[in-house]
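Trainee: Could you walk me through this structure, one feature at a time? I would like to learn how to read each kind of feature.

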Amino acid sequence: MNNKNPQNNKILVVDDNPDNLGILFDYLTNSGFKILVALDGESALKRVESAHPDIILLDVMMPKIDGFEVCRRLKANPSAKDIPVIFMSALSETVNKVRGFRMGAVDYITKPIKQEEVLSRVQTHLTIRNLQKQLQDKTEELARINQNLESVVETRTKQLIDQEKTAIIGRLTQGIVHNLKNPIQTILAYKSLAEEKSKEISRETLLRYTQKMADSAQQMNQILDNLMYKSKMGSSGEIKPLDINEVLRKELDFWQANFQFYYKVEKQYLFDSNLPAIPLVYADLTQVFDNLIANALDAMWDRKEQKLTLVTRQDQEQIYIDFQDTGCGIPSEKIPLIFDPFYTTKSTHGEEPRSGEPTGTGLGLYSCTEILKSFSGKIIVTSEVDRGSTFTVVLPKKNS
Ligand SMILES: Nc1ncnc2c1ncn2[C@@H]1O[C@H](COP(=O)(O)OP(=O)(O)OP(=O)(O)O)[C@@H](O)[C@H]1O
Ligand SMILES: [Mg+2]
């Protein structure tokens, strides 16, 4: 439908007076519209069904079904209810106009009809109808785009959360590989020393060398045991009662492989040894711990004092795990934002960070809260800029 091009618009004129019909037919046809006519209400309704006019000029006073009733039926018909109806009648009293509008008419023309008036009203209502239609089309299009966008964002977020998981595993694996290299190099060094100096060294020195080699082998064994434990526990994804202190201790063993954690951070662990085991998924719980430890390390990366305090505690209903750091802290107005997906103050992957500067995607805390939600858990934050932050994981005991 195009208002600038009247021949595209069909007008249905309904009047039981053939003279009136004739006048309107001639005038509106000359103005470029396509005109359909009906001499009574019954045939008007049929015409609407078959021809779908863009606008209807409807006489009020007609035998059998009058204009009001025709209009009522049109408005009750889903396929016709949006067609604008303009009443035409000699009855100029307000009461009839009100009744017409109540029936759903958009306008009212009083007979005798003035041709310019008909033309201008028809054009106005066609324009309004066009705009309404365009608006509706645009709204539908926007709703479709929005839905598409939502599903794209959802899929992408899932992918990024997976990448985030892999990134943190990568961070740990790098350290583990590094830690395995250390004892291997120690063993190799003592082996060559023993070979080179086999003639000149005493039996005691040789024993000391072999002891060093045995210690290193033992260290490797410990690392591999931990790895096997993690892969065994982490692969099942099943919910089982977990000793939170034990899971945390094992995870901290892995963090020992991280340079900053091992060499730069002072660590203090205050664990309540009477925590009850609670049903959780191992891989989920360690992911939350790893994210919070990684954030604490990142917050302290360029600080002189780097201290991480981990506390496990409980009350009647809940278990609390505090991750307390002496990092940069978070301004109070920013705290509500940190759980939003993609909120990060770190350089994002892809940017060139300063040497050693942490990078992030802003999905860590978002995935932590999503994970904890499924166990009715949550994270509480307290923080002071330049002093440090405490992130507390709260888990209900109810299922224990
Ligand atoms: N311990 C903390 N101390 C100070 N700021 C923190 C701490 N933990 C989180 N934040 C702030 O919250 C933001 C969001 O943390 P989140 O873990 O969601 O993402 P990220 O660490 O930036 O990136 P990602 O975890 O995806 O690698 C961080 O960028 C940082 O600004
Ligand atoms: Mg993070």
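Mentor: Let us begin at the ligand. A backbone N or O atom of Gly362 lies 2.9 Å from an oxygen atom of ligand 1. That is a polar contact, meaning a pair of N or O atoms within 3.5 Å; within protein, one must be able to donate a hydrogen and the other to accept it, and residues adjacent in sequence count only if both atoms are side-chain atoms. Please keep in mind that this is a predicted model: local features need pLDDT of at least 70, side-chain atom pairs count only at pLDDT 80 or more, and totals for chains, interfaces and linings use all residues. Residues are numbered from 1 along each chain as its sequence is written, chains are lettered from A and ligands numbered from 1 in the order in which they are written, and side-chain values use heavy atoms, with hydrogens and water left out.

Trainee: Which other residues have a polar atom close to an oxygen atom of ligand 1?

Mentor: Thr361 places a polar side-chain atom 2.6 Å from a ligand oxygen, and Gly364 has a backbone N or O atom 3.3 Å from one.

Trainee: How many residues surround ligand 1?

Mentor: A residue is near a molecule or strand if one of its heavy atoms lies within 4 Å of it. Here 20 residues surround ligand 1, and the closest are Glu164, Thr344, Thr345, Lys346 and Thr361.

Trainee: Now the sheets. What holds strands together in a sheet?

Mentor: Strands of a sheet pair through backbone hydrogen bonds, either parallel or antiparallel. Helices (H or I, at least four residues) and strands (E, at least two) are DSSP runs, numbered from the N terminus. Two strands pair if DSSP finds at least two bridges between them. In this model, five strands form an open parallel sheet in the order 2-1-3-4-5. Strand 2 (34-38) and strand 5 are its edges, since each pairs on one side only. From one strand to the next, the twist averages 20 degrees.

Trainee: How many bridges link strand 1 and strand 3?

Mentor: Strand 1 (residues 10-14) pairs with strand 3 in the parallel sense over four bridges. Ile11, for example, has Ile55 in strand 3 as its bridge partner.

Trainee: Where can I find an antiparallel pair?

Mentor: Look at strand 13 (residues 378-384) and strand 14, which pair in the antiparallel sense over seven bridges. Ser383 has Ser389 of strand 14 as its bridge partner. The two strands form a hairpin with three residues between them, and Asp386 in the turn has a positive phi of about 70 degrees.

Trainee: Is Thr392 buried or exposed?

Mentor: Buried means under 20% relative accessible area, exposed over 50%, and partly exposed in between (1.4 Å probe, protein chains only). Thr392 lies in strand 14 (residues 388-396), and counts as buried because its relative accessible area is 9%. Its side chain makes a polar contact of 2.7 Å with the side chain of Asp322.

Trainee: Which residues does the cis peptide bond join?

Mentor: Lys111 and Pro112, with omega at about -5 degrees. Pro112 is in the loop between strand 5 (107-110) and helix 5 (115-196). Lys111 counts as buried because its relative accessibility is 19%, and its side chain makes a polar contact of 3.1 Å with that of Asp59.

Trainee: Where is His52, and what is its phi?

Mentor: His52 is in the loop between helix 2 (41-51) and strand 3 (55-59). Its phi is near 45 degrees, a positive value in a residue other than glycine. His52 counts as partly exposed because its relative accessibility is 44%.

Definitions and conventions. Axes fitted to C-alpha atoms, helices over the stretch in contact; angles between N-to-C directions.
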